[in-house]
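Open the model in your viewer and keep the selection tool at hand. This tour goes from one selection to the next.

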Protein chains: 2
Amino acid sequence: MTKGNNLKRDMILDAAYHLFISKGYLDTKIIDIADAAGIGKGTVYEYFESKDAIFFELFQTKVAAGYDSLSELLSKEISCEKKIREYLDIELENAAKYTFNKNFLMDLMMKSDAFRNPELIKSIHRLIGKKFSILHKIIEEGINGGEFRNADPLLASVTVMGAINFYISFDYSPFDPMEFLPVQKTNAWNKEEFFSLLLHGLKECTP
Amino acid sequence: MTKGNNLKRDMILDAAYHLFISKGYLDTKIIDIADAAGIGKGTVYEYFESKDAIFFELFQTKVAAGYDSLSELLSKEISCEKKIREYLDIELENAAKYTFNKNFLMDLMMKSDAFRNPELIKSIHRLIGKKFSILHKIIEEGINGGEFRNADPLLASVTVMGAINFYISFDYSPFDPMEFLPVQKTNAWNKEEFFSLLLHGLKECTP
DNA sequence: CGATACTGACCCACGGGTCAGAAATACAAA
DNA sequence: TTTGTATTTCTGACCCGTGGGTCAGTATCG
């Protein structure tokens, strides 16, 4: 294990990465990774201990790293509305960059305890916790400062995060609204209006 | 297959049902179902064709049936706000009744194409489509009638449905906010305030 | 005693992981 | 430059645990 040829190591990572995001963790087999990298199955294990280890490294370098800039949000001298907007931007940027498919998102967010690697589970929970706590702090600050309406910050965070998650996963979900409604999925991808809905909800402002 | 003893058949269904909602589809093995029902593994196959068939029947009778009353919502003579409120009530009622755990929800909503049974996949998509189209119609009506603010109904539906789904799954998710914030998960379970957030968003009404 | 119900040992496909040998590479001696 | 040899890298046939599904034999019932 851990051979010196880092170029080949990167090829394996790259092949695995594209398979994981297009087919998901469970549906990606080691032989698929080896084939995609143009090497034999055994060679994979010369560079990585296990399938988990490959996923773990990708999670750290590709996924978690995308949220590094999130922490800086809190100390910025901008309104909380602007902070949430930047939070949304970071989420959308990551979604576009990694083009998460439904399986990948699912593996990551929900099925994390299907993995055996406790280190990986901890990392995933830590990332979710980081995202959630930052959003929570922004909203709490907005409420305490009078910028947002008086609400339970935890509940507001759940609402906003749920809406954002679904908004992001909508395009990658197997669900096609055209089967049931005369509307196109792509219509939903309007960031300005989505943000406006998060801030102002459904009801018109009628004092 | 299809023996006459419907009592035993129900015992198998009941055992499978509780295992599916507590452990999820993938983590529930046939032998687990047989053990829980107090019978041998082979007997399961005297009453059901496959594991899929058991899940399919449970999905139809337990899950999809919980949304039967959803269709009546559209023709009711009440405001759109009230309709959304009743929509939310139905979702919460189902969530409480079946105590979906994260795996079950996930299996159902996201991993539907992991099943081989095309009939089941169709049913799951049909249920999601039904829920989505009803919510969409309510919101569309509210916007056209001037009750809601002017927005894209599809985008508004995505926002509301995302928030509701996350709100419901929050309690069953592996994520514990206490690890990152001095808040209790249970605080989030406040239906009135959640509904208010859906309608009015984060911003105070300041004309 | 025939029909029906039940059972668990068995079958088999699958896929993560292993390892003895093959191939490639590095390098020293001729 | 060629040859010989040690070392590293590569490989796929093989191993093995898992779990859905089968079926010949047994138990129970009418």
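Start with DNA strand C and the protein around it. This is a predicted model. Select the residues that surround DNA strand C: there are 16, and the closest are Lys41(A), Lys3(B), Lys8(B), Thr43(B) and Tyr47(B). Of the DNA strand C atoms that come within 4 Å of the protein, 64% belong to sugar and phosphate.

Next, pick out individual contacts from chain A. Go to Ile30(A): one of its backbone N or O atoms sits 2.9 Å from a phosphate oxygen of DNA strand C. Then select Lys41(A). Here a side-chain N or O atom lies 2.5 Å from a base oxygen of DNA strand C.

Which elements give two or more residues to the surface near DNA strand C? Select α3 (41-47) of chain A and α3 (41-47) of chain B. α3(B) gives the most, with four residues. Colour the surface by class: it holds four nonpolar, six polar and six charged residues.

Select α9 (residues 191-200) of chain A and α8 (residues 153-170) of chain B. Their axes are 10 Å apart and pack at an angle of about 50°, which makes α9(A) oblique to α8(B). The crossing is right-handed.

Show side chains at the contact. From α9(A) come Glu193(A), Phe194(A), Leu197(A) and Leu198(A); they meet Leu155(B), Ala156(B) and Thr159(B) of α8(B). By class, this contact has five nonpolar, one polar and one charged residues.

Terms used: Residues numbered from 1 in each chain as written. Chains lettered and ligands numbered in written order. Predicted model: local features only at pLDDT ≥ 70, side-chain atom pairs only at ≥ 80, totals over all residues. Heavy atoms only, no water. Axes fitted to C-alpha atoms, helices over the stretch in contact; angles between N-to-C directions. Parallel < 35°, antiparallel > 145°, perpendicular 65-115°, else oblique. Left-handed = near helix turned anticlockwise from the far one by under 90°. Contact = heavy atoms within 4.5 Å. Nonpolar A, V, L, I, M, F, W, Y, C, P; charged D, E, K, R; others polar. Near = heavy atom within 4 Å. Polar contact = N/O pair within 3.5 Å; in protein donor to acceptor, adjacent residues only side chain to side chain.
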